[in-house]
Amino acid sequence: MSTEKTFENSGRLMGRFRQWAPIDKWSFGNWRLRHKFFFIFLIVIILPFSMLIHYSYTSTRSTITEHTYTALNGSLAQINANVEKRLEYYNQLSDILYMDAQLRNYLSTDYEQAYYYLNAFHYINQTLPTLMSLNPNLIGITIYTDNKTLYSDGQYVKYMEELPDSLKERTLSAAGNTVFSHSGDFRAPNAHVTMARSLSYFSLQHPYGVLTFDIHDSEFYSLIRNESYNKSVYIIDEKGELISTGDQEVNSSQLYDVYPIQDSLTAEAGAFDARIDGQEHFFTYRKLSNGWTTVITVPYDELLANTNQATKKIIWYSVATILIAVLLLYFTTKFMTKRIEVLLQQIRKVERGDFRLSIQPMGHDEIGQVSFAFNKMAATIQSLIHNVYEKEIARKESELNTLQAQINPHFLYNTLSSISSLAVKEGTMQVYQMVNHLAKYYRVSLNKGKRIILMEQEINLVKNYVAIQKIRFRDKLRVYYDLDEALFAKTTIKLILQPFIENAIHHAVGDDSGINIIVRLRQEEEDIVLQVIDDGVGMTKEQLNRALNKTDPGSGYGVKNVDDRVKLTYGEAYGISIFSRPGIGTAVTIRLPANSDRHPAYQRNEPQG
């Protein structure tokens with residue numbers, strides 16, 4: 001039945017149906033297709049977007065807040081770890097003097113005459129300044145002693161009475177462990193932390209002195225300076241006195257005067273909220289091993305600034321997206337319904353192979369026809385592409401075979417044999433050797449018209465070619481071989497190495513220093529990798545692109561020729577890659593399948609291989 005008759009019969013049936021059943025033009029079933037699409041898509045878009053906006057608002061706020069808490073805890077842990085490392089470093093530094101037997105003897109000896117302690121002062125004035133010079137933040141080292149026969153210089157050696165009683169009592173009670181104190185005002189230029197330790201290596205009950213290190217405040221400030229962005233970081237002692245802080249605007253040396261949070265810092269670590277001067281703050285803290293505490297605080301306005309900003313962006317982006325979607329939906333549905341019959345006619349013509357498009361009425365459902373015609377068209381195009389691809393492969397293989405068969409092997413062998421005999425007769429051995437290598441080269445390269453040869457034959461072909469070139473260039477050409485002989489029995493297409501060696505010699509052997517070439521054969525997993533590496537002049541990026549994109553007449557078969565032959569034989573996964581830098585050299589890598597005799601292209605082209 002023709003298309004015109006189909007439409008005519010359909011029109012009669014619809015006319016009779018309208019007579020039998022009156023149709024309400026306002027019912028959804030009778031809306032235009034464009035209106036149906038628009039209404040349905042509008043509901044489908046608005047409802048999920050509304051739910052997405054609400055979910056994004058709540059989840060983003062929660063997620064960013066949680067991430068901020070995690071980041072603050074991470075910063076706190078990092079600061080504490082850094083401070084602990086520095087404290088442990090100075091503790092280990094004090095071990096040097098704590099276990100110094102020579103220093104112990106000098107401090108414990110009773111000196112009858114004044115000049116007897118000169119050795120002691122010489123040793124002390126040599127050891128302590130050396131430690132200070134190696135540690136720039138160590139501004140003072142002092143040894144306090146009860147030995148009145150040892151002279152006090154007021155700097156490195158002092159008497160025990162000069163040590164503050166509070167520090168002395170804490171140090172002696174620690175029985176060899178380190179204790180810490182600090183200067184009153186952390187903002188003073190000479191603000192420092194004092195580490196004290198009793199020198200009681202053999203007898204904890206009877207120390208022979210007290211060792212103190214004065215550490216500059218900058219040592220600890222440097223550990224928290226980079227962590228103070230968008231937050232305040234404080235290091236305090238057991239009483240809440242500030243030891244160091246990144247908050248340069250704090251107006252008191254007592255943290256509890258600024259933030260009355262002493263009742264909340266009872267555990268080893270924790271986090272809490274507090275309202276300070278009408279503003280909500282988030283606090284997190286962790287104690288150090290020496291009794292200090294690191295406190296980080298952030299106002300909630302700053303903590304949630306990113307959250308509020310991200311939420312506002314989500315809302316605005318969602319509203320803008322809905323508006324854009326509505327506009328696009330309106331024009332899209334209008335365009336789709338208006339052009340759907342034209343599209344069906346075009347697909348029908350393409351299906352029949354007729355690309356002269358025209359408008360013809362169709363009596364079937366539009367969406368069904370689009371789906372059916374599109375599937376048919378896709379199958380046809382796929383078939384055409386496959387046929388064109390097969391023909392292109394056959395054409396290229398025919399061209400390559402024709403190229404390799406242009407030379408008559410028997411005539412060439414006979415001619416080379418005659419030249420070789422004549423060279424021996426005339427005593428020109430170099431000519432004889434060159435012709436002999438050339439005969440071997442063509443015997444492998446021609447190979448009775450076959451294009452699949454053993455890997456060993458391909459290597460021998462290269463060696464014969466190199467032997468010919470060495471006669472010509474002598475010591476300027478140096479070729480080295482790194483070959484896995486276990487791969488000699490594998491097969492390959494011929495003449496894939498020689499073009500790259502020819503390129504290297506052609507572009508670099510004119511230099512007085514000559515050229516070094518490495519020919520490498522190895523296996524990587526399921527692939528065979530051939531490499532030609534030279535230290536010649538190299539190529540620029542533009543030269544490399546030209547070599548990869550077109551056949552170079554000056555390079556024999558050319559780079560692209562070899563790459564095309566490899567891909568045609570083994571597939572697109574294999575081929576050539578080149579790395580080159582001017583003044584450094586070039587490395588050419590040829591990748592082939594290790595089991596090439598099982599490849600479909602090989603079975604199709606060389607079943608006798």
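User: What makes you say that helix 16 lies across strand 16 and strand 17?

Analyst: Good place to start! In this predicted model, helix 16 (residues 559–570) lies across strand 16 and strand 17 (585–593). Contact here means heavy atoms within 4.5 Å. The helix runs at about 150° to strand 16.

User: Why are strand 12 and strand 16 said to stand at the edges?

Analyst: Look at the order of the five strands in this open sheet: 12-14-15-17-16. Strand 12 (477–483) and strand 16 (575–581) each have a single partner strand, so one side of each is left without a neighbour in the sheet. On average, neighbouring strands are turned by 15° against each other, direction ignored.

User: How do you know that strand 14 and strand 15 pair?

Analyst: Pairing needs at least two bridges, and eight join strand 14 (residues 515–524) to strand 15 (residues 527–534). Therefore they count as a pair. The two run antiparallel, and Val 519 stands opposite Val 532 in strand 15.

User: What makes the buried residues of helix 6 line one face?

Analyst: Glu 219, Phe 220, Leu 223 and Ile 224 are buried in helix 6 (residues 218–225), where buried means under 20% relative accessible area. Seen down the helix axis, the buried residues fall within an arc of 120°, so they line one face.

User: Which residues touch the most other members of the largest nonpolar core?

Analyst: They are Ile 141, Phe 213 and Trp 292, in a core of 47 residues. Helix 2 (residues 33–98) gives the most to this core, with nine residues. A second, separate core of 38 residues includes Met 455 and Leu 592.

Technical notes: Residues numbered from 1 in each chain as written. Predicted model: local features only at pLDDT ≥ 70, side-chain atom pairs only at ≥ 80, totals over all residues. Heavy atoms only, no water. Helix = DSSP H or I, 4+ residues; strand = E, 2+ residues; numbered from the N terminus. Axes fitted to C-alpha atoms, helices over the stretch in contact; angles between N-to-C directions. Buried < 20%, exposed > 50% of the residue type's maximum accessible area, 1.4 Å probe, protein only. Arc of directions from axis to C-beta. Core = buried A, V, L, I, M, F, W, Y, C linked by side-chain atoms within 4.5 Å.
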